[in-house]
Amino acid sequence: MRTRFVIEANGTPRTVFSVSEQKRGDLNIHITSGGRAYTGQTLNDLVAVSDESVFEECEKHFSVHTSPKSLSVNVIKRTQAFLDRVEDSCQVTTGIKQDNLFVPVLFRVSGDLSRARYSLPDPCPDTLVSLGQYEPNRDQLRFMAVCSRRETSFPKDEEHPSNLLEVKFSNFTLTVIWSYLNKPSHPHAIDFFLGTRAETGPIRGLHWFEIYNLYTDLYMKHAEEYFRVYGDE
């Protein structure tokens, strides 16, 4: 069974992302098909790019693994399949099993979700989880997907200017934090993925307030670069 996180864009349901739970409890988090990707060297490269011809065809997904051979770590993986190659990035973390805390899987500044590639299948057999509604010609959606143990829920801070919901799977709880920037959505999305390297070892889990702080930091970094590039248009 697939769980599809949706939002109404200009009054029409659109896919934000979907989650498929595998037999042993791994989670596959899918961005909709028909995507294209561009890798910039700086945040300015990603915010300022407007020529879609530089984007390559790419199917992207993220996976959260139960990693049964380890008592302390989980592996979270980003896979980007281009026409001529596959690029993988991994996050190895003690945050779920050992620390019983929270792990950021993905922070995404969504593109214009009214585009056809975000349409729901018809009919749609998936379990739908709604993030509400927005107007892409007025707002930009950004969200963070956060993973924890199944029995560990993320606390809502009423003072944080964001929305929050959680969905429990067999082995994990997936929490989504989301909010908007009051500027029109750009065609392309921007993803932030926290990877690790073998020489630095696993990263620890984050407390709930550290997740909120990270969310705010990434939100502000993108917003500041957006205004630097485009001004207050």
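Close-up 1. Glu225 is buried, at 9% relative accessibility. Here buried means under 20% relative accessible area, exposed means over 50%, and partly exposed lies in between (1.4 Å probe, protein chains only). A salt bridge is a side-chain nitrogen of Lys or Arg within 4 Å of a carboxyl oxygen of Asp or Glu. Both residues lie in helix H2 (residues 208-230). They sit three residues apart, about one turn of the helix. Helices (H or I, at least four residues) and strands (E, at least two) are DSSP runs, numbered from the N terminus.

The model is predicted: local features need pLDDT of at least 70, side-chain atom pairs count only at pLDDT 80 or more, and totals for chains, interfaces and linings use all residues. Residues are numbered from 1 along each chain as its sequence is written, and side-chain values use heavy atoms, with hydrogens and water left out.

**Close-up 2. Asp26 and Arg24.** A salt bridge joins Asp26 to Arg24. The closest N and O atoms are 3.1 Å apart. Asp26 is buried, with a relative accessible area of 7%. Arg24 is exposed, with a relative accessible area of 51%.

**Close-up 3. Asp88 and Lys77, from strand to strand.** Asp88 pairs with Lys77 in a salt bridge, the closest N and O atoms being 3.7 Å apart. This pair links distant parts of the chain, 11 residues apart. Asp88 belongs to strand S7 (residues 86-93). Lys77 belongs to strand S6 (residues 74-82). Asp88 is partly exposed, at 43% relative accessibility. Lys77 is also partly exposed, with a relative accessible area of 26%.

**Close-up 4. A network of salt bridges.** Four residues take part: Glu56, Asp84, Arg85 and Glu87. Salt bridges link them in a network. Side chains of opposite charge can pair when their charged atoms come close. The structure holds 14 salt bridges.

Close-up 5. A disulfide is counted when a pair of cysteine sulfur atoms lies within 2.5 Å. By this rule the structure has zero disulfides. Cys90 is in no disulfide, and the nearest cysteine sulfur, that of Cys147, is 15 Å away. Cys90 is partly exposed, at 31% relative accessibility. Cys124 is partly exposed, with a relative accessible area of 26%.
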